[in-house]
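Take a look first, then read on.

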Amino acid sequence: MDCLAVCENAVVVAFATPEKWTYVVGGASAAGAAGNGDADDVIAVAAAIGASVHGIPAMKDRPPFFRAGVIARVPPLPQTADT
């Protein structure tokens with residue numbers, strides 16, 4: 001994405017899956033002691049969102065940056081006969 005318009009919360013990550021809730025989360029770390037920052041947690045929470053029925057990860061699957069950084073949670077778009 002070019003910009004999610006929440007510069008004060010960089011790094012911002014969007015998690016979107018068809019027919020599931022979408023999350024916009026800020027405050028992830030781009031680099032940490034191991035050099036990958038929150039990258040492993042981003043991948044883990046993306047998998048948890050994908051595996052959940054409605055796209056809502058269990059609290060135990062939400063890393064610290066996710067718990068503290070949710071900017072928006074958007075409900076799934078209504079499905080039409082054409083989709």
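A word on burial before anything else: a residue is called buried under 20% relative accessible area, exposed over 50% and partly exposed in between, using a 1.4 Å probe and protein chains only. This is a predicted model, where local features need pLDDT of at least 70 and side-chain atom pairs count only at pLDDT 80 or more, while totals for chains, interfaces and linings use all residues. Residues are numbered from 1 along each chain as its sequence is written, and side-chain values use heavy atoms, with hydrogens and water left out.

**The layout**

The protein has two helices and three strands, which run in the order β-β-α-α-β along the sequence. These elements are DSSP runs numbered from the N terminus, with helices being H or I of at least four residues and strands being E of at least two. Of the 83 residues, 27% are buried. Contacts here mean heavy atoms within 4.5 Å. If you take the contacts with a separation of 6 or more, 51% of them join residues 24 or more positions apart.

**The core and its rings**

Which residues make up the largest nonpolar core? There are ten: Val 13, Phe 15, Tyr 23, Val 25, Ala 28, Val 42, Val 45, Ile 49, Phe 65 and Phe 66. Such a core is a set of buried Ala, Val, Leu, Ile, Met, Phe, Trp, Tyr and Cys residues joined through side-chain atoms within 4.5 Å. Two or more residues come from each of β1, β2, α1 and α2, and α1 gives the most, with three. In soluble globular proteins, nonpolar side chains tend to be buried together.

Leaving out residues up to four places away in sequence, Ile 49 touches Phe 15, Lys 20, Tyr 23, Gly 55, Pro 57 and Phe 66.

Now for the aromatics. Rings of Phe, Tyr and Trp (its six-membered ring) pair if their centres lie within 6.5 Å; planes under 30 degrees apart are stacked, over 60 edge-to-face and the rest tilted. The structure holds three such pairs. Tyr 23 and Phe 66 make a tilted pair, because their ring centres are 5.1 Å apart and their planes stand at 55°. Tyr 23 sits in strand β2 (residues 22–25) and Phe 66 in helix α2 (residues 64–69), so this pair ties together parts 43 residues apart in sequence. Both of these residues, Tyr 23 and Phe 66, are buried. Phe 66 also pairs with Phe 65, edge-to-face, with 6.5 Å between the centres and 80° between the planes. Phe 65 is buried too, as is Phe 66. Phe 15, Tyr 23, Phe 65 and Phe 66 form one aromatic cluster.

Arg 73 lies over the face of Trp 21, 4.0 Å from the ring centre. For this, NZ of Lys or CZ of Arg has to be within 6 Å of the ring centre and within 35 degrees of the ring normal.

**Loops and charges**

Buried or exposed: how does Ser 52 come out? Ser 52 is buried, at 14% relative accessible area, and lies in the loop between α1 (39–51) and α2. A polar atom of the Ser 52 side chain is 2.9 Å from the backbone nitrogen of Gly 55. Beyond its neighbours within four places in sequence, Ser 52 is in contact with Lys 20 and Pro 57.

Glu 19 lies in the loop between β1 (13–15) and β2. Its phi is positive, about 65°, although Glu 19 is not a glycine. Leaving out residues up to four places away in sequence, Glu 19 touches Pro 76 and Gln 79.

The structure has one salt bridge, meaning a side-chain nitrogen of Lys or Arg within 4 Å of a carboxyl oxygen of Asp or Glu. Asp 61 and Lys 60 form it, at 3.3 Å from N to O.

| Residue | Relative accessible area | Class |
|---|---|---|
| Glu 19 | 55% | exposed |
| Asp 40 | 53% | exposed |
| Lys 60 | 70% | exposed |
| Asp 61 | 30% | partly exposed |

Asp 40 belongs to helix α1.

Terms used
Polar contact = N/O pair within 3.5 Å; in protein donor to acceptor, adjacent residues only side chain to side chain.
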